[in-house]
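Trainee: I am new to this structure. Could you take me through it?

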Amino acid sequence: MKRRRRTEILVQGDPELAKHFAEMIIDRYECKEIIAPQYGLTMIKMRESAKNSLFYLGEVLITEAKVEINGCVGIGIVTGMQEQLAKYLAIIDAAYKANLPETSEWYPRLIEAEQQIRKAKAKEQGELFETKVNFETMDT
Amino acid sequence: MGYVAVKGGTKAIDASIKRLKYERLKDNEMLEVRTILSSMRGMVDRVMSESSLYSPFLAALAIKQAEGNMEEAVFLMRAHRSTLPRLYYSQIAESESMLVERRISASFKDIPGGQLLGASRDYTHRLLDFDLLFESVVENQRWIEEYKKDFERIETADDLAYFPKVVDYLRDEGLFKKYEPDNTPPADVTKKSLQFPSSRSARLQVLTRGQTGTVTSLGYASLRGYGQVHPTVGELRVGSIPIYVEHPNEVEKDEADNFYIGEIKITEVESFVPVTVKNESNEDELEFEIGYGVCYGQNETKAIAMSILDQCLEHPDSNFPTHDEEFVLLHVDSVESTGFISHLKLPHYVTFQSILDSIRQVKKEVQQDEN
């Protein structure tokens, strides 16, 4: 599974999943910490819809970590102050980079988690749709 | 006029800082950061927006430390931000990818996808709710359970709905001008001071981090006649947008290999502004332009006011202060304006004494002349 999709699942889903995957790797491989989880900023570049141009909206606090496995460096980046999750994400990223066999076992778990996330969001959206309004103009 | 520093006062300053802590603690009440996070959304959003740093947790901590003083909380956040390295730039965030929780239009009753009120105070009675004095955790929990129970009847859809932009429909109809994507790298006012004439990207960056009160007041001034923009809100949406970051070292660039790092909640507004333009036959014709406003969190008044000011500054006019970019952009920043105003209370003894000496000297000379 490509990075964009899997990070969407691991960041939005239950953090226990990332922990479970990372611990599986820690138990079996040497995980060298390149950069311990650190706080930093990501500047958000945004497109505005009036003239279709770009501007900087502002910065978002992130936690970043880097881990090396079998000579492959993995990066974990997540918004907020989430040191453990950033480290787990870095380990998982390195595992995919190093093509570790465990990663292929993760696919069904990730798909399952993705469905759960989508379901929870759809449920929340369904609840919000209760506030859908249809104003009627009055005759004057 | 030169400034002369003062020295000493260390003991009194230490005592003053202790007194500040005492004022916060003396009633034996403690406000938890998580309480602020959960119950003061409006304040947290404003602090993040005005400090230009998205972190609800840090904003809540700043509010606690500042005892609810907004300018102080924003100052604390800006100061903290300056200690952190900027590690990444995001991929272009677009609000079409927003998972909308509120979306309204004041221009059209029926917009494609429908209007979603979401959580809003727009239609509430502004009466103090004295029941809140007797609120209890148990009762609140019961209320939530009943509220959620009512949703059991709702059938969950398989897919998520993403809402199209109202303006896109109008563009397709030829009612609004279409703009090709402009990928000019944006200016960054945090790296290079604002220069005049400013670029559109610099203007939007300054306005979105502007102080809510100032942005609102200047937008209001424009409506009242100190400007020439009177818009209708075409679309206002509140929701979360995903943020992606490209891998810093990989040579092959593929969107599917980007990092998803999380989401941020924003308010975005497109205001429709009627403008008169000359057509090919040199006749006056009415056309619509769009004023754009956006800010962190749910802060609708600020986003609408920003959309007015954006439109004002797109049409410079020295007859109106709100169309003067130096006037607007140099005065909307919270830390700059509150910092400069509040520095006036710090010791200026030598400066003031020198003014006083000059006045005394003049008065003395006048008296001597009269004698």
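**Strands, helices and chains**

Mentor: In S7(B), B:Glu289 is the bridge partner of B:Val273. This is a predicted model, where local features need pLDDT of at least 70, side-chain atom pairs count only at pLDDT 80 or more, and totals for chains, interfaces and linings use all residues. Residues are numbered from 1 along each chain as its sequence is written, and chains are lettered from A and ligands numbered from 1 in the order in which they are written.

Trainee: How many bridges join S6(B) to S7(B)?

Mentor: Strands (E, at least two residues) and helices (H or I, at least four) are DSSP runs, numbered from the N terminus. Two strands pair if DSSP finds at least two bridges between them. S6(B) covers residues 259-278 and S7(B) covers residues 284-296. They run antiparallel, and the bridges number 13.

Trainee: Which residue in the hairpin of S6(B) and S7(B) takes a positive phi?

Mentor: Most residues other than glycine have a negative phi. The hairpin has five residues between the strands. The positive phi, near 60 degrees, belongs to B:Asn282.

Trainee: Where does B:Asn28 lie?

Mentor: B:Asn28 also has a positive phi, near 55 degrees. Its place is the loop between helix H1 (10-25) and helix H2 (33-39) of chain B.

Trainee: Are H8(B) and H10(B) roughly parallel or roughly antiparallel?

Mentor: Axes are lines fitted to C-alpha atoms, for helices over the stretch in contact, with angles from 0 to 180 degrees between N-to-C directions. The axes of H8(B) (residues 200-208) and H10(B) (residues 300-314) come within 10 Å and cross at roughly 150 degrees. Angles under 35 degrees count as roughly parallel, over 145 as roughly antiparallel, 65 to 115 as roughly perpendicular and the rest as oblique. H8(B) and H10(B) are therefore roughly antiparallel.

Trainee: Which residues of H2(A) meet H4(A)?

Mentor: The axes of H2(A) (residues 15-28) and H4(A) come within 11 Å and cross at roughly 175 degrees. That makes the two helices roughly antiparallel. On the H4(A) side are A:Glu102, A:Trp106, A:Arg109 and A:Ala113. From H2(A) come A:Leu17, A:Phe21, A:Met24 and A:Ile25.

Trainee: Which element gives the largest share of the side of chain A that touches chain B?

Mentor: Two residues are in contact if their C-beta atoms, placed from the backbone, lie within 7 Å. Here 50 residues of chain A are in contact with 67 residues of chain B. The largest share of chain A's side is ten residues, and it comes from S2(A).

Trainee: Which residue of chain A stands opposite B:Leu53?

Mentor: S2(A) pairs with S1(B) (residues 53-54) in the parallel sense over two bridges. Opposite B:Leu53 in S1(B) stands A:Glu59.

Trainee: Which helix gives the most to the side of domain 1 of chain B that touches domain 2 of chain B?

Mentor: Chain B is divided into domain 1 (10-81) and domain 2 (100-129 + 163-332), with bounds from an automatic or database domain assignment. The contact takes nine residues from domain 1 of chain B and ten residues from domain 2 of chain B. Seven residues of the domain 1 side come from one helix (residues 41-51), H3 of chain B.
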